[in-house]
Amino acid sequence: MHQLLNCVAKSRILLRCSKFNIYMYKRKGEGCYFLMSTVANPANIFWHDNLVGKTEREKLLNQQGCVVWITGLSGSGKSTIACSLGREFQARGKLSYILDGDNLRHGLNKNLGFSAESRAENIRRTGEVAKLFADAGLICIASLISPYRKDRDACRVLLPDKKFIEVFLNMPLQLCEERDPKGLYKLARAGKIKGFTGIDDPYEPPLNCEIEIQQKDGLVPAPNEMAGQVVSYMEDRGFLEA
């Protein structure tokens, strides 16, 4: 039997079936996106509510649990801005945690490769963990290339409206390739890495991200300036208080 659930956001509907989940996702000014998870709903497993909820945890921390999802090409500066954000939140007495894409592949996602299917599962797992951190009342900073739009949108659907802050580091491929901090672009150009994002695999930029960071007059903003842009956005919307 199908169960139709209205999500917190009025523009989102979640359709749960016995064999798979279908998400119908709509953003202002856009059409609908249909996202399907082929992971079956487990049988004979029931949700257990806790006596202490998210609201109580947020009051304890004096902040709102949310996910700051930083996406962009390899070498665009995702880890740099994530670390700057973490340092800024710490200085303000706010509790945050960084989910770095490479770090996750040393543990939680170490059994995944870089095929389209593995990348989708990589993002799905990260999104679920980020959701738990946000539910705990933390500011979760997820820093991953996350090249496919549908995978990022599937993570957005996991959270209540406006608790998912997508930050697009819109840096030119040429700049990222010139930086090449890990030497991966060089290997990809030499044909030693297949399916590398930006070279022989696509990066799908966000259509309506909350924050977009670009070069200014041909110069890349300093890390603290980029972090400040995110912090200002969050301050204006009350994320840094309960």
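This is a predicted model: local features need pLDDT of at least 70, side-chain atom pairs count only at pLDDT 80 or more; totals for chains, interfaces and linings use all residues.

Q: How many bridges join E5 to E7, and which residue stands opposite serine 143?

A: E5 and E7 are joined by 5 bridges and run parallel. Opposite serine 143 of E7 stands isoleucine 70.

Q: In what order do the strands of the sheet lie?

A: Pairings are chained together to give the order. Here 5 strands make an open sheet, ordered E6-E7-E5-E8-E9, with parallel pairing. Strand E6 (96-100) and strand E9 (211-213) are the edge strands, each pairing on one side only. On average, neighbouring strands of this sheet are turned by 15° against each other, direction ignored.

Q: What joins E5 to E8?

A: Strand E5 (residues 66-71) and strand E8 (residues 164-169) run parallel and are joined by 5 bridges.

Q: Are the residues of E7 buried or exposed?

A: Burial is judged by relative accessible area, with under 20% counted as buried. In E7, 5 of the 5 residues are buried, so the strand is largely enclosed by the rest of the structure. Reading it face by face, Ile139, Ile141 and Ser143 lie on one side and Cys140 and Ala142 on the other, and both faces are covered. For the chain as a whole, buried residues make up 43% of the 242 residues.

Q: How do H2 and H8 meet?

A: Take the distance, the angle and then the residues. The axes of H2 and H8 come within 9 Å and cross at roughly 60°. The two helices are therefore oblique to each other. H2 passes H8 in a right-handed crossing. From H2 the contact uses Thr80, Ile81, Ser84, Leu85, Glu88 and Phe89, and from H8 Pro223, Asn224, Met226, Ala227, Val230, Val231 and Met234. By class, the residues of this contact divide into 9 nonpolar, 3 polar and 1 charged.

Q: At what angle do H4 and H5 pack?

A: H4 and helix H5 (residues 149-158) pack at about 20°, with axes 9 Å apart. Angles under 35 degrees count as roughly parallel, and that makes H4 roughly parallel to H5. H4 passes H5 in a right-handed crossing. Ala120, Ile123, Gly127, Glu128 and Lys131 of H4 meet Asp151, Cys155 and Leu158 of H5. The residues of this contact divide into 4 nonpolar, 1 polar and 3 charged.

Q: Is threonine 126 buried or exposed, and what is it in contact with?

A: Threonine 126 is found in helix H4 (residues 116-135). With 1% relative accessibility, threonine 126 counts as buried. Leaving aside neighbours within four places in sequence, threonine 126 is in contact with Trp69, Leu99, Leu104, Asn109 and Leu144.

Q: What share of contacts join residues at least 24 apart?

A: Among contacts between residues at least 6 apart in sequence, the share is 67%. The chain has 8 helices and 9 strands.

Note on methods
Residues are numbered from 1 along each chain as its sequence is written. Side-chain values use heavy atoms; hydrogens and water are left out. Two strands pair if DSSP finds at least two bridges between them. Helices (H or I, at least four residues) and strands (E, at least two) are DSSP runs, numbered from the N terminus. Axes are lines fitted to C-alpha atoms, for helices over the stretch in contact, and angles run from 0 to 180 degrees between N-to-C directions. Angles under 35 degrees count as roughly parallel, over 145 as roughly antiparallel, 65 to 115 as roughly perpendicular and the rest as oblique. A crossing is left-handed if the near helix is turned anticlockwise from the far one by less than a right angle, and right-handed if clockwise. Contact means heavy atoms within 4.5 Å. Ala, Val, Leu, Ile, Met, Phe, Trp, Tyr, Cys and Pro count as nonpolar, Asp, Glu, Lys and Arg as charged, and the others, Gly among them, as polar. Buried means under 20% relative accessible area, exposed over 50%, partly exposed in between (1.4 Å probe, protein chains only).
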